[in-house]
Every structure is written in C-alpha cells, then in structure tokens.
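Me: I would like to go through this structure with you, piece by piece. Could you take my questions as they come?

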Amino acid sequence: MSQRLAPKHQRLMLLGIALVVLVAAALIAAWGLRNQASYFFLPADLVAKPPAPGQAIRLGGMVQKGSVKTDADGLTIHFLVGDGKARVPVTYSGIVPDLFTEGSGVVAEGKLAPGGTFVADSLLAKHDENYVPREMKDMTEAQKRAAVAETTK
Amino acid sequence: MIAEFGLAALWLAAALAALQLLCGALVLRKDEPEVAAVISEIVRPVAVVQGVLAAVSFLALLVCFGRLDLSVKLVAMNSHTMPLIFQLAATWGNHEGSMLMWVTIMALAGTLIALIERRLPERTLIATLAGQAFVALGFYGFILYSSNPFERLDPPAAEGLGLNPALQDIGLAFHPPMLYLGYVGLSVAFSFAIGALLTRQVTPDFARAMRPWVLGAWICLTLGITAGSYWAYYELGWGGWWFWDPTENASLMPWLAATALLHSVSVLAARDALRTWTIMLGVIAFSMSMVGTFLVRSGILTSVHAFAVDPKRGAFILVLLAIYIGGALTLFAVRAGTVAEGERFAITSREGALVVNNVALSALLGIVLVGTLYPLVTEAYGVKVSVGPPYFTPVSAMFFLPMLVVLAVGPLLRWRRDSLERIQGPLVLFFVVAVAALAGIWFNTSIGFLPLIGMALAAMLAVASFMPARGRSLRRLPLAVWGMMIAHFGVAVGLFGMAADSAFTVEKLVAVREGETVEVGPWRATLKTVEPVAGPNWTALEAGLAVSYDGGPGKLLSPQQREFWAPVQKTSESALLTRWNGQLYTVLGDEADDGRWQLRLWWKPFVTWIWYGGILIGLGGLLSLLGRVGTDLKRRHAQVRIARRKRTAE
C-alpha cells in the first residue's frame with residue numbers, strides 16, 4: 001500500500017506509530033502506578049486511611065513482641081504489626097518464612113477484611129539477618145524499639 | 001602468593017586495557033597513516049593478552065576459594081568448609097568476585113573478537129576493540145579502587161563466615177555465570193555499535209558481523225533467566241516462579257532489549273533497513289545491563305540477590321553509568337543523522353511486522369523500567385511506594401499478548417512488500433484455532449481472563465510457529481529457520497505453562513500426624529515419618545512423604561527443614577515430583593502442637609512447561625547461531641576457492 005511513499009514519509013509514519021505506542025505505554029504505566037501509590041501501607045496509614053476492602057495491598061511493620069498466637073488447627077497464626085504509632089491485627093494461614101520472628105520486620109501481602117483485620121496471603125520476611133524491608137529502612141532504631149516495646153508492657 | 005599474583009595480573013590487564021584504548025584512539029585520528037598502520041597492528045595482540053591476564057586473575061581467585069585460603073579477606077567473609085562445588089561457586093556469590101567475573105568475561109570477549117572477527121572493516125574493528133577497552137577500563141578501575149577481591153586479612157581467620165545457605169545450591173553454580181555471559185555479550189554489541197558510529201559504516205555486513213554476538217548473548221540471557229527462575233521456584237520454597245523483584249527485572253530488561261535488537265539486526269542484515277534503530281538498540285541493550293548492575297550492586301535496593309554494598313560503590317557505578325550511557329547517547333545524537341537511512345518497505349511486510357515487534361518490546365521494556373525505578377524516584381520525594389505484581393502483570397500483559405499475534409503472522413510475510421490476502425489461509429486457521437481453544441477452555445473450566453487469553457494465544461502460536469515450514473522440504477530448510485520456529489514454539493510452550501500454573505494450581509495447607517493422608521488435586525500424600533538427618537554442613541528434619549498420582553504406584557518425597565551452622569540459618573528444602581503434566585511441590589513446615597507437622601502441598605499442572613519453553617527458546621537461538629556460522633564458513637571457503645581458481649587461470 002505504501003510502496004510509493006517517499007522515504008521521508010515512510011520514516012515519519014513509522015516514527016508516528018512508534019510514538020503512539022510508546023505514549024500509550026507511558027499512559028498505561030502511569031495509570032497502573034497511580035493505583036500502586038496506595039499499594040504499600042504502614043500500620044498508621046492503614047488506620048488513618050483504610051483502603052477499600054478486597055484491594056490487594058502490602059502492609060509493612062514490626063511484628064509485635066508477644067503477639068503471635070497460633071490457632072488450634074496448627075496452621076493459622078494471628079499477630080500484630082506495628083510502626084510505633086498504630087497496630088494492625090494480621091491473620092495468616094501457612095508456613096511462616098524461616099526468618100519470621102517476633103520483634104523483627106515483616107511485609108504482609110493481602111487484603112483488609114471488613115472487621116479491620118488484615119488477611120495475609122503471603123509474608124515476606126527478611127532473607128537474612130541484615131535484611132529490612134526497603135520500605136521500612138527509614139524507621140530509626142529508636143522507632144523500631146518503640147514499635148516492638150509498645151506491646152510488651 | 002596466589003592472591004598477590006592474581007592482583008598483579010589484574011593491574012596488568014587494566015594497564016593493557018588503557019593501552020588498547022589509547023592505540024585505538026590514535027588509529028582513529030588517522031592524521032599520520034604510516035604511524036596508524038603500525039599502531040593498528042598492536043591492538044589485536046593487546047586485546048588477546050588483556051583477556052588472558054584477566055582470566056589468570058580470575059583463576060587465582062578461584063584457587064584461593066578452592067583451597068579455602070582464609071588469609072584472603074574475601075574468602076574468609078564468604079566461605080567456609082563446604083562441598084568443593086559450593087566453595088568454588090562462592091567465588092562469584094559475592095560482590096567483589098562477581099565483578100571480577102564480569103570484567104573477565106568482558107576481556108575474554110575482546111580476546112575472541114580479536115582472534116576470530118574477520119568480517120568487519122579494519123577501522124571498525126579497531127574502534128570496536130577500543131570501545132570494549134573503554135568499558136572494561138571503568139570496571140577494572142571500579143574493582144581496583146573500591147572492591148579489591150584479593151585483599152589480605154592479617155592475621156588469617158580461623159574459620160570462614162560462610163556462604164548464605166540459599167546460595168548453596170547447584171542452581172547458583174550455573175545461573176549467574178550464564179547471566180553474566182549475556183550481559184557482557186551485550187557489551188560487544190555496544191562496542192560494535194559505537195565502532196560503527198565512529199567510522200560511519202552501518203552496513204548489512206556490519207549487521208552480519210554483529211548478529212552472532214547478539215545471538216550468543218541473547219541465548220545466555222534466556223537460559224540464565226530460565227535457570228534463575230527455576231532456582232527461585234524450588235529454593236525459596238514459596239512455589240512462585242516470577243516475583244517482579246527488582247533484581248529479576250534487572251535481568252528481564254536487557255533481555256527485552258536484546259530480543260528487539262536480535263530482530264532488528266536481522267532486518268539490517270537481510271534488507272539494509274532500520275540502521276539507526278539497530279544502533280540505538282545496541283546502545284540501549286547494554287545500557288540496560290548496566291542499569292541492572294547498578295540496581296543490584298549499588299545497595300539501593302535489597303533483595304535475595306543483592307549484596308550489601310557501601311554507598312561509595314553505588315556512586316562509582318552511577319558515574320560509570322553516566323559516562324557510558326550518556327557518552328554513547330551523545331555520540332548517537334551527533335552521528336545518527338549521518339547514517340543514511342536504508343531500504344524502504346511497506347507496513348505489511350516482514351520488516352513491518354518486525355518493527356511492530358520492536359516497538360512492542362520497547363514498550364514492555366519501558367513499562368518494566370518505569371515500574372522498577374518508580375519507587376526510587378518517589379522515595380527521593382519522601383513517599384514510600386512498593387510496585388509489585390498488581391502493576392506489572394496486567395500492564396505488561398496488555399503489550400505482551402497482542403505482540404503474540406504479530407509473532408504468529410510476521411514470519412509468514414515476505415520481505416519488502418506483502419499483502420494479508422496472500423496468507424489468508426493461515427490467518428483463518430490461526431483464528432479458528434484461537435477461537436476453538438478459547439471456547440473449549442471457557443466451557444470446561446472457570447479460569448481468570450488473563451490465563452484464558454494466554455492459553456488460547458499459546459494454542460494459536462503453537463500452530464503458527466511451524467507454519468513457515470509449510471510447503472517446503474523439511475530437510476532443506478535452513479537451520480536458522482528451524483531455530484526461529486523452535487524459539488517461537490518455545491514462547492507458546494512457556495506461555496501455556498504460565499497460564500496453566502496461574503489458572504489450575506491447587507494448594508493444600510495442613511497440619512498432620514505421622515500416618516495421616518492428605519489429598520491435593522489428583523494426588524494422595526501420606527506422612528510416614530519425620531526424622532533428623534545430617535549433611536556435610538547442615539542438619540535437618542526430613543519428612544518421609546509417600547505420594548501417589550491418581551491411585552498409581554507410590555513414590556517417596558523428602559522435604560526438609562535445614563539448619564546450617566555457618567552462618568546459622570534455617571532454610572526449607574522443598575521436594576518436587578515431576579510428571580509430564582505438572583509438578584507436585586511439597587514443603588515441610590514447623591511442628592505444630594501435639595505431634596502434628598505443617599505440610600504445604602501444591603499440585604501445579606504444566607508448571608514445568610514454563611522452563612521447557614525457556615530452554616526451547618534458547619535451543620532455537622543456538623540452532624540459528626550454528627546455521628549462521630555454518631553458512632559463513634561455507635561462504636568463506638567458496639571465496640577462497642574462487643580466488644585460487646582465478647589465480648591459477650591467470
């Protein structure tokens with residue numbers, strides 16, 4: 001169809017197609033990222049501005065000391081995740097990661113249930129003793145200690 | 001002594017790289033032809049020796065690790081008495097060692113170019129080797145200035161600190177070197193692109209010279225990513241095969257760019273079109289592997305694969321990044337206008353389809369890049385975000401799935417100019433297969449939208465990938481065409497595996513006593529025993545799990561919970577049973593109260609097809625490479641014969 005097009009026109013046309021697709025990609029990416037802005041929550045954010053129930057989010061914080069309880073089924077655990085300002089109850093069914101312990105950092109992926117409990121599908125604990133979830137690495141040592149100490153009175 | 005010897009070799013290699021760059025620059029200035037002729041003679045030998053010295057240095061480090069020389073700081077920090085294979089693999093399981101491996105592979109690639117490359121015009125070759133030296137020099141500087149792998153420890157340590165248990169796995173001996181071969185192979189494409197820009201010789205011959213290097217790098221990247229995905233799948237014990245972790249993205253981005261480059265370089269070689277575009281992709285592909293290195297090695301993000309690194313190093317890599325990418329893009333901006341555009345073609349033609357493929361791959365690359373960098377950007381403004389699968393999966397599918405239609409149709413189109421009417425038959429066939437698959441799956445199962453579309457397109461692509469062979473003698477089909485068909489079929493196989501895994505996986509999480517039985521999908525699993533066992537550098541609790549498929553004969557699986565001594569760490573070792581139609585994945589958890597054990601079982605139909613697909617894609621690339629090299633050799637032979645006959649005739 002376009003064999004008779006001058007080379008200049010053909011290049012312009014290809015450039016046009018490429019631009020349209022790349023702009024579309026940029027728009028779609030921006031649209032996707034707008035939703036991501038409300039993807040990661042600290043406990044304080046979650047309490048202040050709860051997301052719609054059923055929306056997939058990540059919750060990051062410290063596992064509060066003494067808060068981990070196991071159900072009779074041996075599989076479901078309940079614990080509190082805090083950031084020194086607020087605490088959120090979390091429920092998780094499954095095998096916990098090897099480095100999941102009270103008093104250390106955790107990122108839980110899941111959804112907020114209507115009652116205000118966070119139901120986690122998966123727990124991302126640190127992979128080694130030096131690992132802190134990157135979203136939380138700004139918490140100062142004092143904040144972390146406060147976050148952990150809060151529930152151990 | 002060996003450590004000092006390795007360090008000396010590394011310094012010498014760096015000095016030779018500087019010499020190589022200097023000589024290249026002198027030759028390219030060309031104001032004194034006689035001097036230039038003399039200097040150009042030295043560039044090749046220097047490149048060869050530089051590669052050998054880098055290899056010697058890397059071998060020295062391997063020996064230090066193999067002998068567990070605890071007076072070398074790096075060995076003491078990263079190793080321990082372990083099986084020899086892991087002691088050796090520990091060499092590149094850390095920042096310094098992996099950077100040395102990177103620069104060694106890069107230098108050896110230079111050696112190889114200097115020894116075998118005969119297609120390129122002499123000046124372009126010298127410019128290429130100079131470019132290669134320029135990039136390598138930055139990395140030599142980086143290693144010698146801030147990451148000396150041979151630093152001594154005085155007094156020597158009594159025992160090493162050990163290797164992260166997650167890395168004590170045979171998968172780790174294989175997949176990082178593969179990825180590095182890929183990353184560094186792209187540096188060759190980068191140097192070629194720079195060389196061609198400098199000498200203004202962007203020709204089909206240049207593309208034919210560049211193609212094997214791109215193919216080789218792309219094969220290694222493909223296999224490296226496939227192996228890495230399988231490693232993460234069985235070693236991390238969470239049953240997932242892709243996480244959109246920044247470090248995974250760091251390997252995916254160069255692959256996307258390399259895939260685009262591979263296709264555009266073919267257009268340039270066959271039809272002398274897409275000249276500037278190919279050069280730009282050459283620059284971008286290597287830039288992406290540099291960006292990946294920066295993300296993983298700078299300590300700017302944390303993940304399993306990222307080693308804790310100090311900010312000084314991050315800054316250094318960032319500066320290198322700015323020099324190479326910025327420099328290359330500037331050169332490109334200055335010179336691109338002088339590279340005359342090549343042949344014309346219609347939109348409905350092989351070239352047209354390849355352009356669409358290139359644009360879609362670039363869009364995918366952009367989407368992954370934006371998603372990976374976005375959290376870093378917002379963090380600079382104090383906003384913490386985390387970008388995960390809810391962004392990457394649907395957004396990338398929007399571009400990936402339509403691209404598959406072009407992938408099916410493109411290879412049937414003729415070069416230059418074609419019409420869709422001519423290939424009406426196959427098009428109708430594709431449509432029928434896709435719709436039939438869609439309907440068949442829709443009525444028999446209730447699966448999500450993306451897996452449904454994925455499976456239907458996979459079925460269509462499986463049929464389409466072998467279409468280019470129709471009406472041709474299979475035996476006389478060139479290897480390169482076989483390669484293309486098998487690689488495209490591999491995409492269909494892999495896509496089917498991904499869709500099936502996300503659609504049909506069944507999961508069971510239970511706490512059982514010894515003797516109790518669990519059902520998951522068609523499987524029955526009975527926990528027979530849980531017993532302590534010991535390995536070379538760990539102890540474990542091991543479950544004896546008798547499993548049978550659909551009432552068939554029983555087999556025994558032994559998932560473990562391991563405790564390593566150095567460093568002290570627990571890991572879960574999953575146990576897998578593979579059938580042609582899927583995999584049973586079992587993990588042993590903690591002891592619940594009153595003698596019950598946590599067990600997690602997954603039945604993952606067709607999950608292995610994901611990696612079979614990756615292997616097929618790599619195999620297709622390999623066939624293509626063999627075919628191209630084969631025809632090259634034949635052509636060269638023929639030319640030599642003709643020349644000889646002419647001479648005898650005279």
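Me: What should I know about the model and the numbering before we start?
Reply: This is a predicted model, in which local features need pLDDT of at least 70, side-chain atom pairs count only at pLDDT 80 or more, and totals for chains, interfaces and linings use all residues. Residues are numbered from 1 along each chain as its sequence is written, chains are lettered from A and ligands numbered from 1 in the order in which they are written, and side-chain values use heavy atoms, with hydrogens and water left out.

Me: How far apart are the end C-alpha atoms of helix α14 of chain B?
Reply: They are 30 Å apart, which agrees with the 30 Å that the 21 residues of α14(B) (residues 424-444) should span at 1.5 Å a residue. The expected span is 1.5 Å times one less than the number of residues. Helices (H or I, at least four residues) and strands (E, at least two) are DSSP runs, numbered from the N terminus.

Me: Which residues of α14(B) are buried?
Reply: P426(B), F430(B), A434(B), A437(B) and I441(B) are buried. They cover an arc of only 70° around the axis, which puts them on the same side of α14(B); the arc is that of the directions from the helix axis to the C-beta atoms. Buried means under 20% relative accessible area, exposed over 50%, and partly exposed in between (1.4 Å probe, protein chains only).

Me: And what do those buried residues pack against?
Reply: Their partners are α13 (389-409) and α15 (449-465) of chain B, where contact means heavy atoms within 4.5 Å. The face turned away from the buried side carries the exposed residues F431(B), W442(B) and F443(B).

Me: Moving to V184(B): is it buried or exposed?
Reply: V184(B) counts as buried, at 1% relative accessibility. Its place is in helix α7 (residues 170-199) of chain B. Not counting residues up to four places away in sequence, V184(B) touches W102(B), I105(B) and M106(B).

Me: Which residues have the most contacts inside the largest nonpolar core?
Reply: W102(B), Y140(B), F192(B) and F206(B) do, in a core of 175 residues. The largest share of this core, 16 residues, comes from helix α8 (residues 204-235) of chain B. Apart from this core lies another, of 21 residues, among them V520(B), A525(B), A543(B) and L557(B). A nonpolar core is a set of buried Ala, Val, Leu, Ile, Met, Phe, Trp, Tyr and Cys residues joined through side-chain atoms within 4.5 Å.

Me: What is F192(B) in contact with?
Reply: Leaving aside neighbours within four places in sequence, the contacts of F192(B) include I113(B), L120(B), F206(B) and W213(B).

Me: Now the strands. How many residues of β6 of chain B are buried?
Reply: Four of the five residues of β6(B) (residues 560-564) are buried, so this strand is largely enclosed by the rest of the structure.

Me: Which strands does β6(B) pair with?
Reply: Five bridges join β6(B), antiparallel, to strand β4 (residues 538-549) of chain B, with T539(B) opposite E563(B). Five bridges also join β6(B), again antiparallel, to strand β7 (residues 569-573) of chain B, where R562(B) stands opposite T571(B). β6(B) and β7(B) form a hairpin with four residues between them. Two strands pair if DSSP finds at least two bridges between them.

Me: What about β6 in chain A, how many of its residues are buried?
Reply: Seven of the eight residues of β6(A) (residues 105-112) are buried. Strand β2 (residues 57-63) of chain A pairs with β6(A) in the antiparallel sense over six bridges, and G105(A) is the bridge partner of M62(A).
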